Amino acid sequence: MLELDRHGSLAALARAENITPPAVTKRLNQLEARLGVRLALRTTRRLQLTHEGHLLAQHAIGVLGQMQAIEEALRARSQVVAGKLKVHGPLGFGRRHLAPLMAQFREQHPNVQAQLYLSDNLMLPQLPVHGRDAFDLLISIGEIPDSRWISHRIAPNRRILCAAPAYLKRVGQPAKPADLAAHDCLVLRENDEDVTLWRFHNGGVRSAPQTVRVRAAMESNDGEVIHQWCLAGKGVMIRSEWDVHDSLADGRLVELLPQHQPANADIMALVPQSKVASARTRHFIALLKAAFQPHPPWRPAP
């Protein structure tokens with residue numbers, strides 16, 4: 001019933017489960033006949049759960065959680081790392097770092113079915129999710145203040161204000177954060193953040209952050225696009241250290257206002273409460289920490 005409610009129609013559920021629509025209809029009819037209640041109302045466009053259908057779905061959430069806990073307990077006793085590891089991560093970081101690490105993890109644990117989903121739009125579900133929608137792990141650039149998720153710091157990551165030498169030669173360097181209001185700024189638009197309000201901290205001094213409302217000369221929802229525009233001299237951007245360290249090292253980009261730092265955005269692994277006991281999740285987090293600590297690839301050892 002959970003999957004039926006999510007997909008909204010018998011045909012959509014059949015496609016997702018790779019079975020025929022008549023097979024789904026038959027299972028639903030058998031379940032309704034056994035329980036003696038109507039679980040779903042069928043319309044020409046959509047299938048809607050009845051009150052009894054919603055009640056069954058809610059109870060199913062608890063049952064699925066208990067079954068997952070039992071499976072994890074049995075696997076822990078046998079010390080076998082198995083099952084489905086479903087990971088969500090940011091696009092650029094995921095391509096560069098998570099994808100090879102998941103391939104390595106799969107080699108180490110061949111009984112694991114690895115799934116990696118990449119998107120820069122991290123939207124945490126409002127309610128606990130089970131089944132095919134349940135992620136074992138979410139990789140976030142910056143910590144998410146949500147008590148339903150256990151956070152693990154995987155690696156340090158500064159955010160850096162930078163621009164190409166060609167742009168600075170043409171426009172000049174800002175001397176203070178307020179000067180950015182007159183610059184062409186390249187803005188990454190993601191989630192629901194106020195992306196044109198840039199905040200800076202004055203080094204290690206504990207003081208109120210300086211804020212400036214910048215003008216978005218160009219914007220995109222893809223961080224790689226923003227990076228390429230910046231390299232081409234189109235404006236000023238704030239990007240993660242992991243993304244721009246090579247461009248800074250070879251001089252294609254120049255760090256601006258180093259005494260005024262944007263807030264750090266460390267690499268975090270977020271685990272839902274229901275997955276804390278998962279052996280595959282624990283082992284993958286251990287692999288991540290081994291890969292990025294004590295010195296991540298973007299910070300060579302001193």
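Me: With which residue does the side chain of aspartate 266 meet in a salt bridge?
Reply: The model is a predicted one. In it, aspartate 266 belongs to the loop between strand S14 (260-261) and strand S15 (267-272), and its partner sits 113 residues away in strand S6 (residues 149-155). The N to O distance of the pair is 2.9 Å, and the partner is arginine 153.

Me: How far apart in sequence are the parts that glutamate 255 and arginine 158 tie together?
Reply: The closest N and O atoms of glutamate 255 and arginine 158 are 3.4 Å apart, and the two residues form a salt bridge. Glutamate 255 is in strand S13 (residues 254-255), whereas arginine 158 is in the loop between S6 and strand S7 (159-163), so the parts tied together are separated in sequence by 97 residues.

Me: Is glutamate 241 buried or exposed?
Reply: Glutamate 241 is in helix H8 (residues 241-249), and its side chain forms a salt bridge of 2.8 Å, N to O, with that of arginine 299. Arginine 299 has 29% relative accessibility and is therefore partly exposed. The limit for a buried residue is under 20% relative accessible area. Because glutamate 241 has a relative accessible area of 7%, it is buried.

Me: How many salt bridges does the count come to?
Reply: The rule applied is a side-chain nitrogen of Lys or Arg within 4 Å of a carboxyl oxygen of Asp or Glu. Some salt bridges share partners, and in this way Arg96, Arg239 and Asp243 are joined into one network. By this rule the count is eleven.

Me: What is the order of the strands in the open sheet of five strands?
Reply: Each edge strand pairs on one side only, and the edges are strand S4 (112-118) and S6. Strand S5 (residues 137-141) and S15 run antiparallel and are joined by four bridges; leucine 138 stands opposite leucine 270 in S15. The pairing in the sheet is mixed, and the order is S4-S3-S5-S15-S6.

Me: Which strands does H9 touch as it packs on the sheet?
Reply: Helix H5 (residues 91-108) lies across strand S3 (83-89), S4, S5 and S15, and it runs at about 175° to S4. H9 also packs on the sheet, and its direction makes about 25° with that of S6. The strands touched by H9 are S3, S4, S5, S6 and S15.

Me: Which residues are in contact with threonine 281, leaving aside its neighbours within four places in sequence?
Reply: Threonine 281 lies in helix H9, and because its relative accessibility is 2%, it counts as buried. With the neighbours within four places left aside, the contacts of threonine 281 are Leu85, Asp136, Leu137, Val271 and Lys275.

Me: With which side chain does the side chain of threonine 281 make a polar contact?
Reply: Threonine 281 is placed in helix H9, where its 2% relative accessibility means that it is buried. The polar contact of its side chain has a distance of 3.2 Å, and the partner is the side chain of serine 278.

Definitions and conventions:
Residues are numbered from 1 along each chain as its sequence is written. This is a predicted model: local features need pLDDT of at least 70, side-chain atom pairs count only at pLDDT 80 or more; totals for chains, interfaces and linings use all residues. Side-chain values use heavy atoms; hydrogens and water are left out. Helices (H or I, at least four residues) and strands (E, at least two) are DSSP runs, numbered from the N terminus. Buried means under 20% relative accessible area, exposed over 50%, partly exposed in between (1.4 Å probe, protein chains only). Contact means heavy atoms within 4.5 Å. A polar contact is a pair of N or O atoms within 3.5 Å; within protein, one must be able to donate a hydrogen and the other to accept it, and residues adjacent in sequence count only if both atoms are side-chain atoms. Two strands pair if DSSP finds at least two bridges between them. Axes are lines fitted to C-alpha atoms, for helices over the stretch in contact, and angles run from 0 to 180 degrees between N-to-C directions.
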